[in-house]
Structure formats: C-alpha cells, structure tokens
Amino acid sequence: MEHLIFFMDDFGTRTMCKPGVEQPLPLNEFSFGLGGIIVPSESVGELSDAVLAFCERWDVPELHGNKIRGRKGKFGFLKTDDDARERFFSELDGLISDPRITAHGCVICRLGYRDRYLEKHPVASRWQMSRTAFDISVERAAKYARTIGRQMSVVYERTGKAEDRLIGSYFKGLLAAGTEFDAQTSAVHAPLSPSELAETLGTIWPDGKNNPMLQLADLVLHPLCNQPTKRPDRAYERLLATQQIIDFKSDDPTIAVKYSCYDGSYQEWVQPTNT
C-alpha cells in the first residue's frame, strides 16, 4: 500500500550538555537535530536512481554532506574548479528540489535543554533529549501523513547498537503510549493520541549511508539545523523558495519543523574563534 516514508538522519551530539558547559561551542555541540526527508513510498525508487546516477556522473561514491561542505576527498575538485563547482551545485539543487521531497525535523539547543530539564529530571535527562527530538519529529510527520490520508514508516541511519536500540524503543513507546509529554504544557501542540499514532505509523528500520534517501536526508537536515545560527544558508533558502519545508504543507502550525530551548542568550550562537 502506498504510504509515506520518513528518512531520518541525526545532527550533533545526542546527549544533553553537562553542567558548566557554556558557549562558545561548535554548532554540532550547540544544537542537536533529528530529521531529514519525507517521501511517498512510490517515489523512492525513482528518486534513489536519480541519486545513484548523479554520483556516477560525478564519480563520487555517495553524497556526504560534511565532505561536500568541506570539499574533502572525492569532492576536492569543488575547491579548485570553479566551473565544475557551479555545475555540481546546480545539479545537486535540481536533485533536492524535487517536489516529492518534504524537509522536516526537530532541532534542540543542548544548553537550553540542560538548563530547562536537568534539575527536573537529573537521572533520565542525559538521553531524554534524543527521545524528545524523535517523538516530536515523528509525531508531527505522522500528523502530516494523516492530513493526506496516508500511513507512514520510518527509516533511520544506523549509528551503533546502543543508539539503534534507543531509536527502536522510542518508536515502540510512541505506539504504546504516545509522546508522554506533560499534558498541560503540550496541550497547545495538540499531539496525536496513542491510538492515532498506532493507526498511522507502520514500521521502522535502520539502514546505512549507502541508502540514497538517507544521503538526501543528511543534505536536507543540515540547513534546518543551521537556522539557529542566523547565518545566510543557500541550501535553506532553496528549501524556502521551493516550499519543500513541512511548514508549507498545512495551515496547522503544529505541522512544522520544531526548534526548542533556544531561550535567552541561546537565541544567539557564539562561534568558537578557532573554527
């Protein structure tokens, strides 16, 4: 049966900051994000073939965001060949700007999360942040799926046995009990009930970076996580221009990318001077 698939990657450090850690911090220590792309199941084959053809055309093994941004390894030509760099990014833009691709995620300030929750939950809060990001991103994606009358499965990038077990447990928790956020504070977000999630969510499984859809998820998640820096971001501007971000898919304000815990001084990212 045709359904949606949420291809999910992660950005940054999954655990909450320790007490005493403050800015300046590298961006991947300041923020943590889970998210990527939502794609109709019937489009996965065609989109995957397009990624594989792109990689073959440019003689690169896979699309790796960090290596592309750093012009590393097989992407070293992006440093030295202006014409090739312009063609590469133009073609990459065309690949990602497919209207069947929807960008979505949940991005959390690690410092702000610590300040808000460490005292309330001193034992459980270290890994609780990653569960929060997972639950919010999947619940909102499921809510979007329901608006178009579809079920949804989740594919996440395999990172390690412990991390993969946690992701699996988060998914089972959603099916059994919903998001389990505080009823009073979460009421404004109108989260789906456990029964609504159970009838909407299908299966979940891990896969490697050789999955072309997870490669696109990596490329799309980074600009979403870059937004709290308030720095110009060409990739994010493209997603805005093509209206591919999930916020454009519904008038419901809770079907949107979630940015959390960017309070007070954490509204501004302070970049380390040596980066």
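Ala-142 touches Met-152, Leu-192, Leu-197, Thr-200 and Leu-201, leaving out residues up to four places away in sequence. Contact here means heavy atoms within 4.5 Å. Ala-142 sits in helix 7; helices (H or I, at least four residues) and strands (E, at least two) are DSSP runs, numbered from the N terminus. With a relative accessible area of 0%, Ala-142 is buried. The scale: buried is under 20% relative accessible area, exposed over 50%, partly exposed in between, with a 1.4 Å probe and protein chains only. The C-alpha atoms of Ala-142 and Gly-173 are separated by 15 Å, and these residues are 31 apart along the chain.

A word on the source. This is a predicted model: local features need pLDDT of at least 70, side-chain atom pairs count only at pLDDT 80 or more, and totals for chains, interfaces and linings use all residues. Residues are numbered from 1 along each chain as its sequence is written, and side-chain values use heavy atoms, with hydrogens and water left out.

Back to helix 7, residues 125-147, which also holds Glu-139. Is Glu-139 buried or exposed? Glu-139 counts as buried, at 5% relative accessibility. What does its side chain reach? The backbone nitrogen of Leu-192, at 2.7 Å. For reference, a polar contact is a pair of N or O atoms within 3.5 Å; within protein, one must be able to donate a hydrogen and the other to accept it, and residues adjacent in sequence count only if both atoms are side-chain atoms. Beyond its neighbours within four places in sequence, Glu-139 is in contact with Thr-179, Ala-190, Pro-191, Leu-192 and Leu-197.

Next, the aromatics. Rings of Phe, Tyr and Trp (its six-membered ring) pair if their centres lie within 6.5 Å; planes under 30 degrees apart are stacked, over 60 edge-to-face, the rest tilted. That rule gives 10 aromatic pairs. Take Phe-54 and Trp-58: the ring centres are 6.4 Å apart and the planes are at 40°, so this pair is tilted. Phe-54 is buried at 0% relative accessibility. Trp-58 is buried too, at 12%. Trp-58 also pairs with Phe-77, and that pair is stacked: 5.5 Å centre to centre, 5° between the planes. Trp-58 lies in the loop between helix 2 (44-57) and helix 3, and Phe-77 in helix 4 (residues 77-80), so the pair ties together parts 19 residues apart in sequence. One aromatic cluster takes in Phe-54, Trp-58, Phe-75, Phe-77, Phe-88 and Phe-89.

Now the backbone. Most residues other than glycine have a negative phi, and most peptide bonds are trans. Here are some exceptions. Gln-23 and Pro-24 are joined by a cis peptide bond, with omega about 5°. Pro-24 is in the loop between strand 1 (4-11) and helix 1 (27-30). Asp-59 has a positive phi, near 55°. Asp-59 is in the loop between helix 2 and helix 3. Gln-243 has a positive phi as well, near 55°. Where does Gln-243 lie? In the loop between helix 12 and strand 6 (258-260). Gln-243 counts as partly exposed, at 45% relative accessibility.
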